[in-house]
Amino acid sequence: MTAEIGLAALWMAAALCMLQFIAGALATRSEGNDIGALTRPAAIVQGLLALTAFACLLWLFAITDLSVKLVATNSHSEKPMIYKLTGAWGNHEGSMLLWVAVMALSGAAIGALEKRLPERTIQAVLAAQGAVGVGFYAFLIGSSNPFERLPSPAAQGAGLNPLLQDWGLAFHPPTLYIGYVGLSVAFSFVVGALITRQVNPDFARAMRPWVLGAWVFLTLGIAAGSWWAYYELGWGGWWFWDPVENASLMPWLAATALLHSVTVLAARDALRTWTVMLGVVAFSMSMLGTFIVRSGVLTSVHSFAVDPERGVFILILLALYIGGALALFAWRASSIAEGKRFAVASRETALVFNNIMLCAILGVVLLGTLYPLMAEAAGDRVSIGPPYFNPVSAVFALPMFAVMAVGPILRWRQDSARRISKGVIVLAAVGVVTALAGALLSDAGILPILGLAFAAVIAVAAVMPLYGRKLSRTPMATWGMVLAHFGVAVALFGMASESGFSKETLAAVSAGESAQIGPYEVTLEGVEPLAGPNWTALEARLSASDGGDAVILRPQSRTFVQPVQTTTESALLNRWDGQLYAVLGQAAGDGRWQLRLWWKPFVAMIWYGSLLIALGGILAAVGHIRRSRRRKALEVRLAEQEADLLLVRRQEEAMA
Amino acid sequence: MMRRLWLMFAAIACLALPLGYAAAQTADETSMADTQLADPAQEAEAKALMESLRCLTCQSQSIADSDAEMAVDMRHLVRSRMQAGESPEDIRQWLIERYGDYISYAPEAGGITWPLYAIPAVLVLLALGLLVRRLRRS
């Protein structure tokens, strides 16, 4: 029964989405009709219905209802409850339902809360939201129905891929999806503003929390994914330039550019066209990300062609939305009045320069990701990996870091190079000293050393905007920027020292023997079998000592029962200056075991930095929302005072 | 195109035979797979090479970070040939001849991959040009 309720809720939500689209579209066509008033209630009820559908799916997974096809193919009654629930979105159909539910809920939030923009614009925004939603409902109900029943219930479920039975990965997809959906909301705002010709600072302020929110979730999602790859895959790598990773990085790059551009529009009324363009690009990238991950085009262009139904559907949606958005942009861009101008030495110029660099990196990642697919379609097979991505993106990233250090100490509109020269000299000195120290004291490559130098420069530059300010009166949004930029420095430091100074030891040892890795001596004390709820494992007891007390590490090689698959569970030893990473490999046959050991200096900084970046984003969002609330309250109070004055004057006139 | 495909199949078949044989043998046929080379500089070169070779049976993984049988065999091949004195580029070329460009993650500028380097450069020049024009006007 629950499955049928879920499906019914989904159909009704789809119908309301259609209504929201049509009503909003009709409302923009002529002045003075009331049909647009339908959009807000439609959006709110649609959000509740989509939430109901998703709740139904969660329930089906919680009770392991094996008469539902999706549950039977992806779950198992013996699985821990938490992974039963997260299994609901660990598959194609469930994750698309999650996407639609999050999207409908954001529409509901706009419908219920957004009061700053003219009503016409909001109706157009909701219409755009509806237009995107209708395509996804059609995809979900038409070719990926999550509530489909089996002719007869299965005896037992097929289980969930053990690699996915992990905290990091359980919450990684929904986090990314919320980010993707946030960008679709930003896109709806762009369309709404284009249609009603309201590309102005008010529009930028209304859109900014959505961009910031999307960006925070994308940051967290990417960091979680990278952390998962780091400790779960068992090879110590944290970024592989894998197409799936790139699919999440591209929207993040676009969102980062959009975030900075929307800030310029809100604060200075400049970069109007550019902001609108970035809104379209950011949404296109999140659609493309969905396509890459969901269509199966990755495994091979050929396997995509063999079972093309879903892939082609998403491809059509992709073409329709991106094409439509670009057409609308081309049609209306000329109607956007030019924003305020600015001088060469100004914060705007720095921001535009970095926007261009971010877009260039985005272009490099996009090209490198799609090129093998295009080449394969043309009959050639090529692989594009780190040897391409690292140096080519660094060509654009390094100048960007330099400008990022200087930008925040520049003034808006017009500034002089002389005023900031002292700050620039300090930053340059920090950079040169760090680079020289790195080059002289280590044998690391050029990119890690440049990375270290820029990390130091950005760390100092990040706190410079606070210089000479009264800290207690510094706006929250400025703190957000300081924190986020500092986070970039921290993450960059982690990346540079991991790639420049990691040590690796591969050793075959029998019990009692040891191996040396970095500052540690690691001794294999023994290997023992172990059983968990749905797996068995071989667990090694390693004692690691750097001269002081020995610490015990327990890496495992796990074999899952349902489905049968072996995973490595690495063991990590955290120290302030790095991480010892230990993996148990195969048995060598003669009583010896393969051990893979790494010493990775400051590697954890990559993820601490990402957390700081996200925290900075949250601070900025909260700061902006609070400020606009205060402004609204002030406006209301001013209006009341004016009304009072008017009343007093009228009374005086009447008396006289 | 067809001829190329056949060549690739033939190459894989040729390589699969000895590799399959190796897998059936005891560990000493792949003993170099996870044994570091004595010379740290040579080991670093081998490591860099392995990180830029695709494991053909995995999804988007290099042979340096996979437990797949093929990756293990190829690590053995890379390390033993390096030890025998071959240069990393020779080994890469040898592998590319057998398996095609697909095996190498490092596309060379030239042939069909030149747009990978040309397009970003052109786009950035264009964007910077626009920015400069805009700034001149104000």
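**Figure 1. Chain B is built from helices.** In this predicted model, chain B has five helices and zero strands. If you follow chain B along its sequence, the pattern reads α-α-α-α-α. How much of chain B is buried? Of its 138 residues, 25% count as buried. Look also at how chain B folds back on itself: among its contacts with a separation of 6 or more, 53% are between residues 24 or more positions apart.

**Figure 2. Here chain B meets chain A.** The contact brings together 33 residues from chain B and 39 residues from chain A. Which element of chain B gives the most to this side? Helix H5 (residues 114-137) of chain B does, with nine residues. Sorted by class, the side of chain B that touches chain A holds 17 nonpolar, 11 polar and five charged residues.

**Figure 3. Two helices of chain A pack against each other.** Two packed helices are described by the angle between their axes and the distance between the axes. For helix H6 (residues 119-143) and helix H12 (residues 309-332) of chain A, the axes come within 11 Å and cross at roughly 170°. Because of that angle, H6(A) is roughly antiparallel to H12(A). Find A:Val132, A:Gly135, A:Phe139 and A:Ser143 on the H6(A) side. The residues they meet in H12(A) are A:Glu309, A:Arg310, A:Phe313, A:Ile314, A:Leu317, A:Leu320 and A:Tyr321. By class, this contact has seven nonpolar, two polar and two charged residues.

**Figure 4. Nonpolar residues gather in cores.** The largest nonpolar core has 209 residues. Those with the most contacts inside this core are A:Ala53, A:Val100, A:Ala186, A:Val211, A:Ala254, A:Ala255 and A:Ile458. Helix H8 (residues 201-232) of chain A supplies the largest share, 19 residues. A second, separate core has 21 residues, including A:Leu524, A:Ala544, A:Leu580 and A:Trp593.

**Figure 5. Four strands of chain A make an open sheet.** Strands of a sheet pair through backbone hydrogen bonds, either parallel or antiparallel. In this sheet the order is E1-E10-E9-E8 (chain A), and the pairing is antiparallel. Which strands are at the edges? They are strand E1 (503-509) and strand E8 (571-575) of chain A, each pairing on one side only. From one strand to the next, the twist averages 15°.

**Figure 6. Strand E9 of chain A takes part in two hairpins.** E8(A) and E9(A) form a hairpin with two residues between them. Five bridges join these antiparallel strands, and A:Leu573 has A:Leu580 in E9(A) as its bridge partner. On to the next hairpin: E9(A) and E10(A) have five residues between them, and A:Gly589 in the turn has a positive phi of about 105°. Strand E9 (residues 578-587) and strand E10 (residues 593-600) of chain A pair in the antiparallel sense over seven bridges. Two bridge pairs to look for are A:Gln579 with A:Lys600 and A:Tyr581 with A:Trp598. Is E9(A) largely enclosed or largely open? Eight of its 10 residues are buried, so E9(A) is largely enclosed by the rest of the structure.

**Figure 7. Two loop residues of chain A have a positive phi.** A:Trp241 is not a glycine, yet has a positive phi of about 55°. This residue lies in the loop between H8 and helix H9 (243-268) of chain A. With 15 C-beta neighbours inside 10 Å, A:Asp269 counts as partly exposed.

**Figure 8. A:Arg411 sits in a loop of chain A.** The loop that holds A:Arg411 runs between helix H14 (386-406) and helix H15 (417-441) of chain A. A:Arg411 is partly exposed, with 14 other C-beta atoms within 10 Å. Which residues does A:Arg411 touch, not counting those up to four places away in sequence? They are A:Ser346 and A:Arg347. A:Glu348 is 63 residues from A:Arg411 along the chain, and their C-alpha atoms are separated by 8.6 Å.

Methods:
Residues numbered from 1 in each chain as written. Chains lettered and ligands numbered in written order. Predicted model: local features only at pLDDT ≥ 70, side-chain atom pairs only at ≥ 80, totals over all residues. Contact = placed C-beta atoms within 7 Å. Nonpolar A, V, L, I, M, F, W, Y, C, P; charged D, E, K, R; others polar. Axes fitted to C-alpha atoms, helices over the stretch in contact; angles between N-to-C directions. Parallel < 35°, antiparallel > 145°, perpendicular 65-115°, else oblique. Core = buried A, V, L, I, M, F, W, Y, C linked by C-beta atoms within 7 Å. Buried ≥ 20, exposed ≤ 12 C-beta atoms within 10 Å, placed from the backbone. Pairing = 2+ DSSP bridges.
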